[in-house]
Amino acid sequence: NAPVFTQPEYHISVKENLPVGTRLLTIKATDPDEGVNGEVTYSFRNVREKISQLFQLNSLTGDITVLGELDYEDSGFYDVDVEAHDGPGLRARSKVLVTVLDVNDNAPEVTVTSLTSSIQEASSPGTVIALFNVHDSDSGENGLVTCSIPDNLPFRLEKTYGNYHRLLIHRTLDREEVSDYNITITATDQGTPPLSTETYISLQVVDINDNPPTFTHASYSAYIPENNPRGASILSITAQDPDSGENAQVIYSLSEDTIQGAPMSSYVSINSNTGVLYALRSFDYEQFQDLKLLVTARDSGTPPLSSNVSLSLSVLDQNDNTPEILYPTIPTDGSTGVELTPRSADPGYLVTKVVAVDKDSGQNAWLSYRLLKASEPGLFSVGLHTGEVRTARALLDRDALKQSLVVTVQDHGQPPLSATVTLTIAVSDNIPDHHHHHHHH
Ligand SMILES: *[C@@H]1O[C@H](CO)[C@@H](O)[C@H](O)[C@H]1NC(C)=O
Ligand SMILES: *[C@@H]1O[C@H](CO)[C@@H](O)[C@H](O)[C@H]1NC(C)=O
């Protein structure tokens, strides 16, 4: 009797990730003879090298175990010829048919075929950033891949044909908001559990000159005391430009204008790089009190963008003018310049008035009059703010005919400046009050 297999074919389905060393199945043949005649041993028949690397057959027990990794992607089916023979050599044949089942053991592969690594901001939506294709070696759902990107990004994915995809601009980019992106493309298959692959696309957004410089203030005002040294710096003006490189490089200038017939550029200048404004002259408050300037900040883009800002420069008065006495003047015509007072004048009689002006302004021009010296102390008084010289008491017979007063006029500057004048007053016995007129204003 020859051995007889229990089945003409053995069928088995196994997952490809079956661990090495696992028993697949046991084949069995029976032989009714006795002793050596009934002793059955098993072996592969016509064994190909591939099979002998993957499967091992125990010749005594008929156990078939897995020797190597079954890779569905390599081969999904094995047809193994086996035979059984007894001691004297009678044989039987059978087949073991192994079906390898796919498991989701391959992550999708992403191949970027074309890539733009930098793109101008303001490129229109629809501009292509990258082309890539995806491949998954698994089969069925395990090999079905979908791609995604985070949805807060201004990009979108589009499937073109086959496994090709495109990454496109979806919303206009603004470099001043985000200057570079690291876009994660996630390719996920539909296996259980799914496998996914992340691919990073880094994209740099290239600046265009889309922002003019902007001044830190809506307008500027500055003050400079008159008599400033030439070249004194007045203030620093700054404009910011959020663009980059040359598009953000700001150049300052002053608009051409004239002041009192002279070009503005002869009074002030601005450092085109730093925005520091300088006085080119020593200003005289008595000549002009303020300057209205227009400052332009222009970037170095192509074409350049610019902004204007107004600057008001006020010259501050300093006490640089001495009071000037207009009356009484030092006679130039040879006259005596003498004031007359009737001896009969009542106390408080207006003798004369010292008149002075000061070219400065404010406190620097506010004048006070004081009697500095008198030949007859107590006879005359001077109005502190009016400069009026009046009799302080009635004139007496013993009062001299010729009185001399020194009046000082002082402004309220810091420090104050002053001028003095000497008055000569003649006391007259025969001049009636009403003939005496003074109109010194
Ligand atoms: C992009 O982001 C990923 C994940 O955060 C990181 O591993 C990768 O280094 C980044 N690439 C670049 C160019 O920054
Ligand atoms: C700035 O002022 C100049 C001179 O007045 C003018 O020509 C220019 O248009 C102004 N620029 C802007 C941005 O307003």
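These legends go with a few close-up views of a predicted model. Local features here need pLDDT of at least 70, side-chain atom pairs count only at pLDDT 80 or more, and totals for chains, interfaces and linings use all residues. Residues are numbered from 1 along each chain as its sequence is written, chains are lettered from A and ligands numbered from 1 in the order in which they are written, and side-chain values use heavy atoms, leaving out hydrogens and water.

**View 1. An open sheet of four strands.** The order is β30-β37-β36-β33, with mixed pairing (strands are DSSP runs of E, at least two residues, numbered from the N terminus; two strands pair if DSSP finds at least two bridges between them). β30 (338–342) and β33 (368–374) sit at the edges with a single partner strand each, so one side of each has no neighbour in the sheet. β30 and β37 (residues 418–428) run parallel, joined by five bridges. Look for Thr341, opposite Val427 in β37.

**View 2. Asp429 meets Arg343.** Their side chains form a salt bridge (2.6 Å, N to O); that's a side-chain nitrogen of Lys or Arg within 4 Å of a carboxyl oxygen of Asp or Glu. Asp429 lies in the segment after β37 and Arg343 in the loop between β30 and β31 (350–353), so the pair ties together parts 86 residues apart in sequence. Asp429 is exposed at 58% relative accessibility, while Arg343 is buried at 14% (buried means under 20% relative accessible area, exposed over 50%, partly exposed in between, with a 1.4 Å probe and protein chains only).

**View 3. A salt-bridge network.** Glu376, Arg393, Arg398 and Asp399 are linked up here. Asp399 is buried, at 2% relative accessible area, and Arg393 is partly exposed at 23%.
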